[in-house]
Amino acid sequence: MNMKDKLKTESEITWCPGCPNHLILESVKQTIANLVDAKKFKQEDFAITTDIGCHAKIFDYLNLSGIYCLHGRAIPTAIGMKIGNPNLKVITFAGDGAVYSEGISHFIHAFKYNADMTLILHDNQSFSLTTGQPTPTSQQGYQSKASPLGTFDKPMNPIKLALAANATFIARTNARDIKHMVEIFTKAIAHKGFSFIEVIQDCLIFNLEANGKDARMYKVKDNTDKKIAEKLASEFDYNSKEGRIPIGVIYQTNEPTLEEKWPQLKKLLDKKSTWKNK
Amino acid sequence: MRLNILIGGVAGQGINKVSEIVSNILADYGYFTFNYRDYQSLIRGGHNFNVLSISDTQIESHETVMDIIVALDERTIKTHNQALAKNGILITGEEFKNEGRNLNVALAGTLLKILGIPLEKLNEEIKSQFKESEQALISAKKGYDSKEDEFSLKQLDNKITILSGSEAIAVGARNSNLDLYIAYPMTPATNAMHALAKDQVENNLMVFQAENEIAAANMALGASFTGARVMTGTSGGGFDLMSEALSFQGTSEIPLTVYLASRPGPGTGVPTYTAQADLDVALRAGHGEFSRVVIAPGNPTETIEKTSEALYLAEKFKTLSIILGDKHLAESEFSTTETVPKALKLEILRKLPGEAIVKASSYEIDKFGNSTESYTLTEKNVNSRIEKYEKTKAFIEKNYEMIKLHGKKDSKNLIVGWGSTSGAIKDAIKDLDAKFLQVIYMKPLSSKIKKELEKANNIILVEENVTGQLGRLIREKTGIKIPNRILKYNGRPFHSDELNKYLKEIV
């Protein structure tokens, strides 16, 4: 059996037909298969956490260790995993509704802790599994059953927020571009520290107005300059119908990781050991 | 023999240092001490006091009448003068005001002289506590020489150790090889966090302060999932925030131990005082129906033992263990000659990520650990959680002390109580025809309780809450309503003499 097949499960896939989540799943499988085939990691070295929402169904479709968490809590649960075993390769899947509403405090603090893990954030600017209510990144005026008067507020810009919170890795990718996703996921997993990837994706059922941003996207070179990063972060405001949307590694820098800062965890990391064997 | 000493002053004056020095020396001299700390939610100023109770036999409470009052400020005299016994002694800080920051050692000196303890004992204690002790020794001698020996305490043989409930949580956790304590600060749980944080590297564990209690509890679950031995701790408000994670523990069955140190609510309440009003929330917090264990130790010795049991049960039965304490247990300093039996070795035997593919979920799951909405699997999972509780209960009934009986074992007068109130009850019934049933396991509740209640003619419930929460729990489980209730809910714990007076009216 090839590695990608080993990552399959028996669960019935219940995303809508044509949903970009299918492509995200494919890209994640490809990325992990590449890393395992290259003998960088074993399948068992990975542990995932997922939030609650459409994105989170990926938990059932990946044969990897992990926790299907509570809504908004995929990040702290993942950080707990890293404290519990710093040798695990942890990947968190979460949505714009979960993280930017219920879990926003965890998002900000995650950059401060800088645990060596990856956050893949599926942003479709909609709470889709609960039938399309606005999220903090929904565009102004978005009307839903919960917001028939239209969303009054301007959306949050999570990339700018991540920069302000001293993120060490920020990237953006397109859910319709498997090649680009694999490239970005691979770079994010290789990054030493907390890597945050925003995956821009359409929802085929709710907030259709926000869809179809592909033509506006353009690839940027891997960037390590904070000033340039700030400029790139401002280019897309999650609201305007026009203007370019940069994708790629928007910012990367090096800071000590959570596992390096705590002597107790550093010891486990250096010895490739766990608390059980302390 | 029993003496009560009140030491009062403004926050930051060092009243805790006075009682600490005197307690340590008295313990070394073979005397039992109990130190109650009454302090306000402020850092400098206000009015704080300690009541240090001393006895030649085991005590676990303080009393209302003071033999000695040490007043570091005028307000202490005004507030507590009425509590001074007829021939009581008042010591003021006034005469030592030139001692500056050594005022507290000078006052410790006067106290020890009055008690009749040799000066050398004080000198030894000061040398062990202060790096530069020269000036402190001079102040101590000044204090010592200013008074006469009034009580002439003789050295006793007892081997005494002093411990607070918070320190006991840390000792119990370390005895069980705890790896991680993940928490957010909240009085009165924070001192357990401090006790574990101190020397954490040497003790081979880690104390992590999360961004809030929600994060702390979810991080604890994440870490526990990977095989670390984990605990979190908080007080009522933080426990409310953890509720969703407790429920998550119910479905995911990731072992979790929570230390709940309660204080008077609702809301922010009276944050630095005490109450036993969170039994209900400990028993029920979290939506859905799932297994849990709630243990309420009454003193530090029990806290050490029960903390280890909580951690053991959480891992063995993949359940939620709650250690329920309160401010009075957490922050009072108890003395004892008892030793704690060795804890059962906490071993992690389950499959772990890193070694195998392991899944845990907040959804109902199939055999692979993936989500299911099947009605057969849903029902199966619900049944398995209930069966797990029955197994946990049977194990506890067989292996652990769930209740304790104190006082006259054949008495028909039965006092029922729990947690930190136990100390005052034990001391209050010393001269009464009464038996005290101390409930330690609140969930599961011991089947022996019903038999004890049936044997008694006169049952009295003593609790520090307004609705009699243990009384309601016992009624739910046994059908027996306890008619007499002594309830206190002003944020202050029972004094044993106060309780003795109430009980005498009924017994």
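Colleague: In which sense do strand 2 of chain A and strand 14 of chain B pair, and over how many bridges?

Modeller: They pair in the parallel sense over 3 bridges, strand 14 being residues 359–361. Strands here are DSSP runs (E, at least two residues; helices are H or I, at least four), numbered from the N terminus, and two strands pair if DSSP finds at least two bridges between them. This is a predicted model in which local features need pLDDT of at least 70 and side-chain atom pairs count only at pLDDT 80 or more, while totals for chains, interfaces and linings use all residues. Residues are numbered from 1 along each chain as its sequence is written, with chains lettered from A and ligands numbered from 1 in the order in which they are written.

Colleague: And what stands opposite Y68(A)?

Modeller: S361(B), in strand 14 of chain B.

Colleague: How many residues are in contact between chains A and B?

Modeller: On chain A there are 37, in contact with 41 residues of chain B; contact requires C-beta atoms, placed from the backbone, to lie within 7 Å.

Colleague: Which element of chain A gives the largest share of that side?

Modeller: Helix 4 of chain A does, with 8 residues.

Colleague: Turning to chain B, what is the strand order in its open sheet of 7 strands?

Modeller: The order is 8-7-9-10-12-11-18, with mixed pairing.

Colleague: Why is one side of strand 8 and of strand 18 left without a neighbour in the sheet?

Modeller: Strand 8 (206–209) and strand 18 (441–443) of chain B stand at the edges and each has a single partner strand, so one side of each has no neighbour there.

Colleague: Within chain B, what is the bridge partner of I295(B) in strand 12?

Modeller: I323(B) is the partner.

Technical notes. Contact = placed C-beta atoms within 7 Å.
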